[in-house]
Amino acid sequence: TPRELGDLALRSVLDPFNLLTIGGTSAITVASDSHSPYGPGMKGWSKLSGVALTQDMTSAFIETFLIPSIDHQDPHYHRMPNASLRRRIAHCIYQPFWTNDDLGGGMFNYATVIGAIAGEAVDISYVPYQQKGWGASADRIAVNLTTTPIGNFATEFIPDLASHINLDALVS
């Protein structure tokens with residue numbers, strides 16, 4: 001339901017690991033370039049973290065709530081643990097473009113594709129210090145869509161890796 005999608009979007013933004021990632025990435029970015037447009041120190045970190053969090057909220061609203069509510073799309077990535085390795089890799093790569101509807105059937109992934117375009121349109125209105133224009137926006141959209149499978153690979157294969165770790169051997 002739209003309410004469930006809204007709750008999912010809110011939980012994804014407020015997830016402690018997500019917030020830690022935003023803060024950590026912002027800290028590394030500011031520490032590695034004290035002459036960035038956001039400035040050095042805590043002030044620069046705060047500005048960059050605020051922009052990154054706002055971008056994340058925009059993305060969650062559009063890609064997890066708004067578009068899936070309209071087109072009845074399931075915004076989750078669904079693992080295929082029993083499929084062949086080749087099939088799992090292919091699934092990770094094509095999922096940003098082809099996904100499941102609410103009933104489990106296949107459909108074009110409007111949330112990711114249209115969401116990337118809509119997110120860029122919103123971002124250029126408030127994200128300071130970035131290049132403007134069609135070319136720069138197209139580059140950012142392309143990077144967004146080509147890096148989306150990275151998260152899919154993590155979701156698909158990290159549980160398999162984790163199942164092979166013997167915690168008792170690590171503690172002893």
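The largest pocket of this predicted model has a volume of about 1,800 Å³. A pocket here is an open set of points on a 1 Å grid over the protein atoms alone, with protein on both sides within 12 Å along at least five of seven lines, and its lining residues have an atom within 4 Å of a point. Grid points are joined across faces, edges and corners, and the volume is the space filled by probe spheres set on the points. Local features need pLDDT of at least 70 and side-chain atom pairs count only at pLDDT 80 or more, while totals for chains, interfaces and linings use all residues. Residues are numbered from 1 along each chain as its sequence is written, and side-chain values use heavy atoms, with hydrogens and water left out.

**Overall architecture**

- The protein chain has seven helices and two strands, where helices (H or I, at least four residues) and strands (E, at least two) are DSSP runs numbered from the N terminus.
- Their order along the sequence is α-α-α-α-β-β-α-α-α.
- The C-alpha trace spans about 50 × 50 × 30 Å along its principal axes.
- Of the 172 residues in the protein chain, 31% are buried, that is, under 20% relative accessible area, whereas exposed means over 50% and partly exposed lies in between (1.4 Å probe, protein chains only).
- Among contacts (heavy atoms within 4.5 Å) with a separation of 6 or more, 62% join residues 24 or more positions apart.

**The largest pocket**

- Its lining comprises 45 residues, and Asn18, Asp56, Ser59, Glu63 and Asn144 lie nearest the centre.
- Two or more lining residues come from each of α1 (2-14), α2 (16-32), α3, α5 (110-126) and α6.
- Helix α6 supplies the largest share of this lining, 10 residues.
- The lining divides into 15 nonpolar, 23 polar and seven charged residues; Ala, Val, Leu, Ile, Met, Phe, Trp, Tyr, Cys and Pro count as nonpolar, Asp, Glu, Lys and Arg as charged, and the others, Gly among them, as polar.

**The second largest pocket**

- This pocket holds about 170 Å³ of space.
- It is lined by 14 residues, with Thr1, Glu4, Leu5, Pro75 and Asp102 nearest its centre.
- Helices α1 and α3 are the elements that give two or more residues to this lining, and α1 provides the largest share, five residues.
- By class, the lining has five nonpolar, five polar and four charged residues.

**Salt bridges**

- Side chains of opposite charge can pair when their charged atoms come close.
- The model contains four salt bridges, each defined as a side-chain nitrogen of Lys or Arg within 4 Å of a carboxyl oxygen of Asp or Glu.
- Arg79 and Asp160 form one of them, at 3.0 Å from N to O. Arg79 lies in the loop between α3 (41-71) and α4 (85-94) and Asp160 in helix α6 (residues 134-162), so this pair ties together parts that are 81 residues apart in sequence.
- Arg79 is partly exposed at 29% relative accessibility, and Asp160 is partly exposed at 23%.
- Arg88 pairs with Glu156, with the closest N and O atoms 2.7 Å apart. This pair links helix α4 to helix α6 across 68 residues, and both residues are buried.
- Asp160 also forms a salt bridge with Arg88, at 2.5 Å between the closest N and O atoms; the two residues are 72 residues apart.

Methods:
1 Å grid on protein atoms, 1.4 Å probe; cavity = no way out; pocket = protein on both sides within 12 Å on 5 of 7 lines; lining within 4 Å.
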